[in-house]
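Reader: I would like to learn how to read the features of a model such as this one, beginning with a pair of charged side chains. Could you take me through them slowly, with the general idea ahead of each case?

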Amino acid sequence: MHENKESKTARFVSGLRRQIQDVVELYEYSSMEKLVHLDFKVESQILKKTSFKTTHNFRMDGFKLEGGGGVNGLKKHFKNF
């Protein structure tokens, strides 16, 4: 079975996660290779943002739980040192 270029591209994009589809559909691409490259770039950006948010939220949540936040929270957290 031979599939035309547009069908193959549409099938590939429909198999992506919705978040990636939304971004990929904003760009033009002239080949499947460029589409796959765009997919990897978008996926990498999402992973970086997710990783930063997760790390940042974990640190902030830990800080709030341990010390209550702000300078007073730091003083409470480090009073035993």
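Author: Let us begin inside one helix, where helices (H or I, at least four residues) and strands (E, at least two) are DSSP runs, numbered from the N terminus. Helix α2 holds both R18 and D22, which stand four residues apart, or about one turn of the helix. This is a predicted model, in which local features need pLDDT of at least 70 and side-chain atom pairs count only at pLDDT 80 or more, whereas totals for chains, interfaces and linings use all residues. Residues are numbered from 1 along each chain as its sequence is written, and side-chain values use heavy atoms, with hydrogens and water left out.

Reader: What do the side chains of R18 and D22 form when they meet?

Author: The general idea is the salt bridge, defined as a side-chain nitrogen of Lys or Arg within 4 Å of a carboxyl oxygen of Asp or Glu. In this case R18 and D22 make such a bridge, at 2.9 Å from N to O.

Reader: How should I read the exposure of R18, D22 and E25?

Author: Exposure is read from relative accessible area: buried means under 20%, exposed over 50%, and partly exposed in between (1.4 Å probe, protein chains only). By that scale R18 is exposed at 51%, while D22 is partly exposed at 39%, and E25, at 47%, is partly exposed.

Reader: How many salt bridges does a search of the whole structure find?

Author: The search finds three salt bridges. One of them pairs the side chains of R17 and E43, at 3.2 Å from N to O. Because R17 lies in the loop between α1 (5-14) and α2, and E43 in helix α3, this pair ties together parts that are 26 residues apart in sequence. R17 is partly exposed, with a relative accessibility of 41%, and E43, at 22%, is partly exposed as well.

Reader: Which side chain does S30 reach in a polar contact?

Author: A polar contact is a pair of N or O atoms within 3.5 Å; within protein, one must be able to donate a hydrogen and the other to accept it, and residues adjacent in sequence count only if both atoms are side-chain atoms. Here the side chain of S30 makes such a contact with the side chain of K34, at 3.4 Å. S30 belongs to the loop between α2 and α3, and its relative accessible area of 45% makes S30 partly exposed.

Reader: Which residues make up the largest nonpolar core?

Author: A nonpolar core is a set of buried Ala, Val, Leu, Ile, Met, Phe, Trp, Tyr and Cys residues joined through side-chain atoms within 4.5 Å. The largest one here has eight residues, namely V13, L16, I20, V24, L35, L38, V42 and I46. Helices α2 (18-24) and α3 (32-67) each supply at least two residues of this core, and α3 gives the most, with four. As for L38, contact means heavy atoms within 4.5 Å, and, leaving aside neighbours within four places in sequence, L38 is in contact with V24, Y27 and Y29.

Reader: How many helices and strands are there in the chain?

Author: The chain has four helices and zero strands, so that its elements run α-α-α-α from the N terminus on. Of its 81 residues, 16% count as buried.
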